Every structure is written in structure tokens, then in C-alpha cells.
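Student: I have a model open and some labels to check. Can we test each one against its definition?

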Amino acid sequence: MSLLDTRVPAVVLRIDRNPFHHGTLGAVRSLGRAGVDVHVVADCTGSPVARSRFVRRLHAPPPPDASAEEILAVLRRVADQVGRPAVLVPMDDATAIATARLREELTGSYLLPVMPSALPERVADKAELAAVCAWVGVPHPRTEVPDTPARAAEDALRLGLPVVAKWSRPWLLPAGSGLRSTQVLHTAREARELHARTAEAGCPLLLQAFLPPGRDRDWFFHGYADRTGTVCAGGPGRKHLSWPRGAGLTAVGRWTPNSEVIALAERITGELGYRGIFDLDFRRCGATGRYHLLDFNPRPGAQFRLFTDSAGLDVVRALHADLTERDLPDGDPVTGRSFVVENYAPLAALRPSPGGRELAWWAGDDRAPGLAMWALWARHVSGRLRRRLGAAAEVPAQRPAPRANTPSLTTDNEKASS
């Protein structure tokens with residue numbers, strides 16, 4: 001018997017405009033290789049995803065700032081074109097939150113996990129997550145949510161510089177604003193100035209105690225909680241290389257045993273009654289050794305294919321099998337397996353990997369996306385370089401300012417950040 005019920009198609013949904021979102025390609029390949037018809041609702045203009053032979057059909061997505069009603073209208077249109085109930089796979093926070101809220105309206109056209117409709121939004125909200133962690137007893141960095149710019153400066157000093165700044169609902173950040181979902185601040189002035197942009201961001205700013213990165217400190221857990229709440233797919237992984245370095249997405253990850261991370265993942269999903277795919281990010285504190293939960297993403301992480309067990313099960317396949325009432329196979333963890341995003345870690349993609357490896361873009365049975373990625377990536381990088389050089393050429397050379405005779409009021413931290 002086939003691992004998945006191939007009579008039931010899948011709809012992969014994303015409104016984020018990132019053309020290099022390799023997680024979307026991973027979902028397409030995972031389901032397509034199992035014989036499932038895969039429909040993609042995403043902007044694939046200039047994206048290697050559109051080249052995959054496993055895409056059954058591309059559909060126009062809602063705009064990045066779409067309301068729930070607009071997302072519902074698009075999904076109803078797609079359902080009419082698909083012609084039969086399909087498993088829905090949201091690939092970003094905005095669509096995961098919206099589809100959970102719209103579950104009743106989507107019933108009959110789509111299959112979705114059953115859980116409290118507001119839960120994905122609750123865990124994705126960075127400020128709410130701090131309260132959730134306190135409630136279930138999962139370590140989390142000390143967090144403050146200042147209500148004024150002046151209070152932001154005070155909280156930054158109280159937490160201790162440097163400090164991590166996060167917008168609580170990053171999916172609401174307007175495109176082209178230059179606002180980053182997460183950044184490290186080195187001065188109280190930076191905290192005050194960033195908080196002043198709260199209205200522009202459309203969500204509160206929170207400040208967190210900074211846990212320094214280091215060897216063996218960055219971990220993640222990708223899992224699937226089935227209809228009974230049992231975490232039955234995925235596993236713990238260690239981040240070996242990130243992009244940008246020290247923070248950001250996983251460029252090289254390895255499936256690594258870690259009973260403590262597994263226990264924390266099972267505790268928080270169990271206490272909350274969470275159902276479906278989830279992606280957790282942890283950082284181990286160098287002083288205490290405790291694993292702090294940094295993020296709870298209510299959808300597949302981009303590197304979810306790392307956790308493909310000996311039976312071929314990953315979290316996306318587990319979702320399809322569970323929602324179509326198939327028994328999930330009992331596979332064994334393939335510890336030591338690695339996942340490499342080759343445009344961010346090209347040298348790692350060339351090195352031997354004794355535990356087995358999967359590349360984000362290149363695949364022998366689906367070569368077109370890998371070939372397209374390198375052409376598009378070269379164009380993307382050269383374009384950014386030209387823009388930077390052009391901007392630098394437009395800035396006139398400045399004469400050095402004369403040295404003042406009065407003592408500087410700049411703090412030591414502000415000097416270090418300049």
C-alpha cells in the first residue's frame with residue numbers, strides 16, 4: 001500500500017513573496033514523490049519552485065497583506081479548480097494563522113488539523129509566546145514589552161546590552177519598510193528609535209535578554225502532532241551554520257539526538273493541545289545549560305526535509321497521512337543526516353556527508369529547480385551588489401569633523417556600535 005492516499009491532492013499555500021523559499025519546494029517534492037497531485041498557491045515569479053516537475057498546477061496567491069476574507073476567496077477559487085477535497089499545507093505564519101481561523105468555512109474543500117482556532121496566532125506572536133512559556137514551564141529569555149520609546153530605552157538597560165528586539169507579529173511588517181523581524185541592539189538609543197516606529201510596524205516591539213550564540217547552542221525541533229496529540233514525526237536538529245552567520249535561517253543542519261529538546265517540544269504542544277506541523281527554535285544558555293524556546297512557528301520549517309526517517313516519513317507526509325486517516329509507518333530516526341541550503345553554504349554542499357545529506361535545491365529526480373536557482377541567485381546577488389555600489393557612489397566624501405574640546409556624552413556601548 002502507498003504511504004499516502006494519492007486520491008487526495010494537496011494545496012501548498014504561501015503569501016510570502018520570497019522566491020528562494022526552499023521549504024515550499026521541499027513540500028512539493030515530498031508530496032509529489034509519493035504520488036500526490038500538488039497545487040501551489042504562491043507567487044512563483046522568478047522562483048525555481050515553478051520549474052519542479054512535481055507541481056501539478058500553479059495558482060495566483062492572495063497579496064502579502066491579504067485579509068482573511070481575501071485568503072478565503074482565493075482558496076475557494078482554487079478549490080473549485082481542484083475539484084475535490086485537498087490537504088492544505090500553509091507554508092508561512094500568515095497563512096497558517098488565517099486558515100486556522102477559517103477552518104469552519106474551509107471544511108468540505110480542505111482537510112486541516114482540529115485545534116483551537118486562535119492557537120496558531122497565539123504561539124506565533126512573540127509577545128504571547130513569552131506568556132505561554134511561563135504557563136507551561138518551558139524556559140524562555142526574559143522579555144519586556146515597552147509601551148513608550150523612553151520605556152524601551154529603560155528596558156534595554158535593565159535587561160543588559162546587547163539586547164534582542166523583535167516585532168511581536170512579524171507577518172504584519174509592511175514590505176519595503178526596512179524593518180527586520182529580529183535584530184540585536186547595542187544601545188539604549190537604538191531601542192528608543194526602533195520603538196518610535198511601532199505604528200509603522202503595525203505590532204508591538206518586544207525586547208529580550210540576549211543569549212550569546214556559540215558552538216552546540218542553536219537547536220531546532222520540527223514535528224507533527226497527530227489527531228491524538230502525539231508527536232509522531234520529525235526530530236531535533238543542531239544548527240551548524242546559519243545565514244546570516246550567528247542568526248537567521250539554517251544553512252547547514254544535522255539530525256542530532258537530544259532528549260531534552262524532545263521533552264520540551266512534547267511538553268509545550270501537549271499542554272497547549274496543539275495539532276499539526278510545528279517548527280521550534282531553541283538556544284542553549286552557556287551559563288545554565290538550559291534550552292530556551294525562542295520561536296514557535298505553526299507551520300513547516302524550511303529545512304523540514306532534514307527529518308525524513310527510515311520509512312520515508314517527514315512532517316508534511318505525516319500531515320497528509322493523518323488527515324486522510326492513514327496509519328503512519330514506524331520508521332527509525334536517521335541521526336547524522338544533514339540538510340544544506342547550497343546557495344548559502346556552497347562549500348558544505350560539496351563536502352562528504354557520511355550520515356547522508358539532502359540539498360535544498362538540487363535533486364537528481366528533479367533537476368530543473370536546482371539549475372534555475374543558480375542562474376537566479378547569481379542575478380539576485382549581482383543586482384544587490386550593483387545597487388550597493390551605486391548607493392555608495394552617490395554619497396559625497398565627507399571631511400573629518402574637527403576634534404571637540406569638550407568631553408563626549410556618547411556611552412561606551414554607543415561607541416562600540418558605531
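Student: What makes the largest nonpolar core a core, and which residues have the most contacts inside it?

Tutor: This is a predicted model; local features need pLDDT of at least 70, side-chain atom pairs count only at pLDDT 80 or more, and totals for chains, interfaces and linings use all residues. Numbering runs from 1 along each chain as its sequence is written, and side-chain values use heavy atoms, without hydrogens or water. A nonpolar core joins buried Ala, Val, Leu, Ile, Met, Phe, Trp, Tyr and Cys residues through side-chain atoms within 4.5 Å. Buried means under 20% relative accessible area (1.4 Å probe, protein chains only). The largest such set has 53 residues, and L31 and Y224 have the most contacts inside it. Helix 11 (residues 315–323) gives the most, with 6 residues.

Student: What does Y224 touch?

Tutor: Contact means heavy atoms within 4.5 Å. Leaving out residues up to four places away in sequence, Y224 touches, among others, V231, F278, V315 and L319.

Student: Why does D92 have no salt bridge?

Tutor: A salt bridge needs a side-chain nitrogen of Lys or Arg within 4 Å of a carboxyl oxygen of Asp or Glu. For buried D92, the nearest side chain of opposite charge, R14, is 5.1 Å away, so no salt bridge is counted. D92 still touches R14, as well as R299.

Student: How confident is the predictor in the chain?

Tutor: pLDDT gives its confidence in each residue, from 0 to 100. The chain's mean is 92. Over residues 399–418, pLDDT is below 50. Where pLDDT is low, predicted coordinates should not be read in detail.

Definitions and conventions:
Buried means under 20% relative accessible area, exposed over 50%, partly exposed in between (1.4 Å probe, protein chains only). Lys and Arg count as positive and Asp and Glu as negative; His and the chain ends are not counted. Helices (H or I, at least four residues) and strands (E, at least two) are DSSP runs, numbered from the N terminus.
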